[in-house]
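Visitor: I would like to learn how to read charged pairs and helix contacts in a model such as this one. Could you take me through it step by step?

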Amino acid sequence: METKVEALEDNRVKVTVTVDAKEIDGRIKKTYKDFAYKYSFPGFRRGKAPRPVIDNALGAEAVRATVTDEVVNETYPLVVDESNLYPVAKPEFEDGGLVEPGKPYVFGFTLAVKPELELSSYEAVEVELPAEGATDAEVDEQVESLREHYYTFEDASAATKIKEGGFADLAIKAADDAGEAIESLATESRIYGLGSGLFPEAFDQELVGMKKGQTKSFVIDVPAESSTLLAQLAGKTAKVAFDVEVKTVKTKELPEVTDEWAKDTLGFENVEDLRARIAESIAQQKADVLPRMKENACLAVLSERLEGEVPQGMAEDSETRLLQDFFQQLQRQSMNFDTYLMQQGITSDQFKEDVKQQALDVAKQDLALDAWARHFELVATDDDVAAEFEKSGAEDPKALQEEWRKNGQLHLLREGIMRSNAMRDVMDKAQVTEIDFAAKKDEEDKKPAKKAAAKKAAKKAEKPAEGEDAAEAKPAKKAAPKKKAAKKADAEPEPAAAAEDGAAQNA
C-alpha cells in the first residue's frame, strides 16, 4: 500500500491510496470462496461453485463491489493512523470505481484535519495559586463561618431604626388584588432579614427607618422573577397589599470565640484544638484540589496565547463529548434534565450556550497543548502507546492494540499521550505565585468603599431601570447567596445536636 498526502486550503488534505495488485487479487480470491460457502448454488456442493456460476447468480460485479468496499473501509483507518492525520470531520471519498483483477486499486479522499496553530509565546506560564497548607487568615475565615452558624438575635433598643441588611420581628397581613387575605404570607411573629430574598426589595425598602411598635400599610407589585415567598402568587395577583407591624428591631449577635464555646458547642477541647483541626482539614482539601487548580490555571493562560480559530468540526466534537459525559452523569445520579435546569435556575437555551462555550474552551486548550508539544518536541512513542494498553487491564493488551490500529483509533491515543506530556511540561515549568486569598479578601473588605461607587449604588437602589422593579434590577447571580442567608435569618436557632454535626462537617 502506498499513500500520498497533499495539503489543501482550510486545514484539509487530499489523500491518495494505492493498493497493489497482489493484495487485490488475494481479496478477490478470498471473496469468491466466501460467497461459495455463504450461498447455495444449485448443482454444486457448498463451497464448490466456480466463479462464472457465482457471477451469473449474484451479478458480474457483486464480488468486485464487495472487495472494493472492504478495501476502502479497512484501509482508510490504517492510512489515517500511519499518516499521523487527526480528522475533525468525516472523510469525503472520491469515486474510484471497482477493483479489477491483476490491477492495483487507487482511491482517494479529502479530509478536514486538526490545524497546527501556534502560541504567541512559549515562555513559562505565570499563575497565582493558594499556598499549600492552611494560613491563619483561612483558619480565621472558617472560624468566622462557624460563628455565623451559631448566631442569636437580641432585641435592640426601642429607638433603633431598621437599616438595610438589618433584622426585625414582624407581624404581617397580606391581601391580593381582590382584597382576599393571603394566609401563606400572614404571621403574628416572623424574624425577617432585609435583603434575604424572601420578599422583593420593594418590600424591604418600605421597612427601612421603621422602629419598634410602628405600623405601615403599603402595596407592592408581584415581580415577574419573584422572590421566594411571592413565587406562589405569580399569575394569581399583580399586587399584594401589606399591613406590617414592627414588634421589635433585632440585632444579630455572634458568639465569642472562647475555650468554653469551642468545647460546649462544637465539641473541641479548646480554641487551639478547634483551629488545629480546621487547619488540618484545609490542608487536606488543598492537597486534593491544588493539582487540578494548577492545571486549570495553566490551561487558561495557555489557551489565551493560541493564535488562530478553532475549526467548527473540532468544537462540535468537543461539544458532543461534553454532552455525552453530562447525560451519563445525570443518569448515574437518577436525575432528569428538567430537574437539573430547575436546580441551576437556567433555561435549556442558556444550558446549550454554556455547553457550546465550554466545548470551545476545551478545543482551544487542546490546540494550545498540541502547539506546546510540537514546539518542545514532546511526542508519543510506540513504547508509550504500548504502555497504555498494558495499563488498561485488558486480558490481551497486544490484541487490543491491534484492534485499535485496525479501527484507526491509535491516533486518538497518541494525541492524548502527547497532550498529557505537554500538560506535565507546562506545569513543571510554570512560575507559581502563592497567594493568601483569604487574607486578600479580608483586606479588601476592610477598605472603605469609594464615595462615587456608594452614590451610584444608592442611586440605583432608589431608581431601578425603566420597566423593572427594584428586585428585577439585581444581577441574577447575587440572588442565590441571599436565599441562603434568608434560611438562617428566618429559622429558629438549631438544636445543639444538629449544630454539632454542622461544626464537625466544617472542621
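Predicted model: local features only at pLDDT ≥ 70, side-chain atom pairs only at ≥ 80, totals over all residues.

Visitor: Is Lys-286 buried or exposed?

Guide: Lys-286 is buried, because its relative accessible area is 9%, and Glu-138 is buried too, with 11%.

Visitor: What is the general idea behind such pairs?

Guide: Side chains of opposite charge can pair when their charged atoms come close. Here, Arg-414 forms a salt bridge with Asp-382, whose closest N and O atoms are 2.9 Å apart, and this pair joins helix 13 (residues 410-429) to helix 11 across 32 residues. Arg-414 counts as buried at 18% relative accessibility, whereas Asp-382 counts as exposed at 52%.

Visitor: How many salt bridges does a search of the whole structure find?

Guide: The search finds 26, and a network of salt bridges links Lys-114, Asp-366, Asp-370, Glu-415 and Arg-419.

Visitor: At what angle do helix 11 and helix 12 pack?

Guide: Helix 11 (residues 382-391) and helix 12 (residues 397-406) pack at about 120 degrees, their axes 9 Å apart, and are therefore oblique to each other. Val-385, Ala-386, Phe-389 and Glu-390 in helix 11 meet Pro-397, Leu-400, Gln-401 and Trp-404 in helix 12; the residues of this contact divide into six nonpolar, one polar and one charged.

Notes
Residues numbered from 1 in each chain as written. Heavy atoms only, no water. Axes fitted to C-alpha atoms, helices over the stretch in contact; angles between N-to-C directions. Helix = DSSP H or I, 4+ residues; strand = E, 2+ residues; numbered from the N terminus. Parallel < 35°, antiparallel > 145°, perpendicular 65-115°, else oblique. Contact = heavy atoms within 4.5 Å. Nonpolar A, V, L, I, M, F, W, Y, C, P; charged D, E, K, R; others polar. Salt bridge = Lys/Arg side-chain N within 4 Å of Asp/Glu carboxyl O. Buried < 20%, exposed > 50% of the residue type's maximum accessible area, 1.4 Å probe, protein only.
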